[in-house]
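Hi,

Here is the structure I promised to hand over. Have a look at it first, and then read on for what turned up.

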Amino acid sequence: MKNYAKLIYGLLTALCFTACNQSKLQLQTIDNVQLEKNLLKVEVLDKDLDVPWDICYADDHSLFIAEQGGAVSRIDLATGKKKQLFKIAEVWRKRTAGLLGMVVHPKIKENPYLFVNYTVKKDSLLIINRLVRYEITADTLKNPKVLLEVGGYTAHNGSRLAIGPDQKLYWATGDAYFGEKAQDAKSLNGKILRINIDGSVPSDNPSPNSYVWASGFRNMQGLTFSEKGLLYTSEHGDAIEDEINLIQKGKNYGWPAIEGKEDLPAEEAFALKHQTTPPIKSWTPVIAPAGIAYHNGKGIPEWANSLLLTTLKGKSLRVIKLSDDGRSTKGEEIFFEKHYGRLRDVCTDKDGAVYLATSNQDWNPSPGFPLPGDDKILKISKADKATHKVLSAKKMESIDLVSGKTLYQQYCASCHKEDGTGVVGTFPALAGSAKVKASPEMLIPILLNGIAKEQAGAAMPAFNFLSNEEAAAVLTYIRQNWGNKASTITPSQIKKQ
Ligand code: HEC
């Protein structure tokens, strides 16, 4: 009997504990999202922020927020209580310069450190990026220690910070608008830097006494580790190709000689000479990728082993499925397109809830934005039932670009030549061809139906035996090579015709 009473008492307190805890944090739900099986809700965790450039989950179940102007705040995720910890007075803010990267040590109790990097104007001309470590206390940040300074500019300052499973600090720096710095081993710009948390150079970096871990980057705004300890970046391309890269020790990622895939003859030559590493995913036209985070599927099983990517120009959250070994990507889904505006950063908590930071108060807002309450921190987690408008994802078909090249060599190169130059008077050049770059509706029939032989000319055979996927791959290949910069063609566009 005594035991029975104890059990009831235990059950009651457990029930109350969950209920009371939940009642502490009442957030406003604004949307629901239907995944394959699970339903999600989107709630507003915080609003009226001044461009929250970086958000970081800390293992005491709090969320740190760095705003571009220099403010660092913390939200207790159990109670929703927010406190501004510090305002970094020396931050120089303009357009995309300001307080940019932030990371809290993943073991906050043993290492109560917060790392930030921000732009500072030293005199009227000299802009630098300063990497600083603070100690976190209950209500402020103290004892700033400058760990490193890297050249800066009014744009292309990167930056993101991450701490690896090796307990080292990683810093994704921008090329500071001078692409050649990314290939200059002496410059710390356009690099992934690897740093001990006291600011010294780790003894096992690729070159002795150099912070450089990997090189050849333009302007990265995403940096994250997967559960397996693989390091990924997102990077802004120049005009045509944005990238996701898998970062490996000592590798060169090609910028400025290579943008996106190694597909132009000059790019292929550079890649061969310098043994560069291509991206695991690229986008044309550009989407302006920003913060990324790895999701392990906890709480949201559909997102297991995915990279979550926020985009600015694309104004969306993209869920990019990784292969089992994490070395390639499989598919992509687009959420919230143009719904919340520009999205700057993303992170996940211990239960798999996802946090997004909007960026509609920044230097480049889109028409129709900011929305009331911008900028916001949104929380996405599992819901029991729909109470609001139910949104869904747009699925992107993944186009296999490697097979596009193989198919071209197999079926087309005999006439149009490997480099797309054709044979004068007989087989038209596909490089620079207006028909290749025309709308999909114009181009697809040429491939599927061919072109009948005119009086003296040669005929273009019909390729209606190709699968929709193969046809899409080969057309995408000819549209994005030899200087052609047209949009991709998807299998469903082929199917329609
Ligand atoms: C046997 C030779 C031959 C093969 C193989 C061939 N083509 Fe062609 N293609 C031609 C000829 C000839 C024309 C020009 C026809 C005309 O306009 O009279 C042409 C025209 C084109 C055009 C229009 C370009 C322009 O500017 O006029 C496209 C696009 C094209 N081919 C794509 C392809 C693709 C993709 C493949 C491979 C899947 C392919 N071709 C394989 C002979 C070939």
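This is a predicted model: local features need pLDDT of at least 70, side-chain atom pairs count only at pLDDT 80 or more; totals for chains, interfaces and linings use all residues.

Residues are numbered from 1 along each chain as its sequence is written, and side-chain values use heavy atoms, with hydrogens and water left out.

**Between the domains**

Six residues of domain 1 are in contact with eight residues of domain 2, contact being heavy atoms within 4.5 Å. Together the two domains bury about 620 Å², with 58% of that on carbon and sulfur atoms. Buried area here is the accessible area (1.4 Å probe) that two parts lose on being put together, summed over both. On the domain 1 side, K261, D263 and T284 supply 53% of the area buried against domain 2, more than any other three residues.

The rule finds one salt bridge across this interface, a salt bridge being a side-chain nitrogen of Lys or Arg within 4 Å of a carboxyl oxygen of Asp or Glu. K405 forms a salt bridge with E268, and their closest N and O atoms are 3.3 Å apart. By class, the side of domain 1 that touches domain 2 has two nonpolar, one polar and three charged residues. In this scheme Ala, Val, Leu, Ile, Met, Phe, Trp, Tyr, Cys and Pro are nonpolar, Asp, Glu, Lys and Arg are charged, and the others, Gly among them, are polar.

**Backbone spots to check**

Two cis peptide bonds are worth a look. One runs from W255 to P256, with omega near 5°, and P256 sits in the loop between strand 17 (242–247) and helix 2 (265–274). Helices (H or I, at least four residues) and strands (E, at least two) are DSSP runs, numbered from the N terminus. Another joins D374 and D375, with omega about -5°; D375 is in the loop between strand 24 (354–358) and strand 25 (377–382).

V51 has a phi of about 55° and lies in the loop between strand 2 (39–46) and strand 3 (52–58). V51 counts as buried because its relative accessibility is 0%, the cut-offs being under 20% relative accessible area for buried, over 50% for exposed and in between for partly exposed (1.4 Å probe, protein chains only). For K417, phi is near 70°; K417 is partly exposed, with a relative accessible area of 32%.

**Two buried residues**

F336 is in the loop between strand 22 (329–335) and strand 23 (343–348), and at 6% relative accessibility F336 counts as buried. Not counting residues up to four places away in sequence, F336 touches V33, V42, K315, S316, L317, L356, I380 and L391.

N117 lies in strand 8 (residues 113–121) and is buried at 0% relative accessibility. Its side chain makes a polar contact with the side chain of S159 at 3.2 Å. A polar contact is a pair of N or O atoms within 3.5 Å; within protein, one must be able to donate a hydrogen and the other to accept it, and residues adjacent in sequence count only if both atoms are side-chain atoms.

Best wishes
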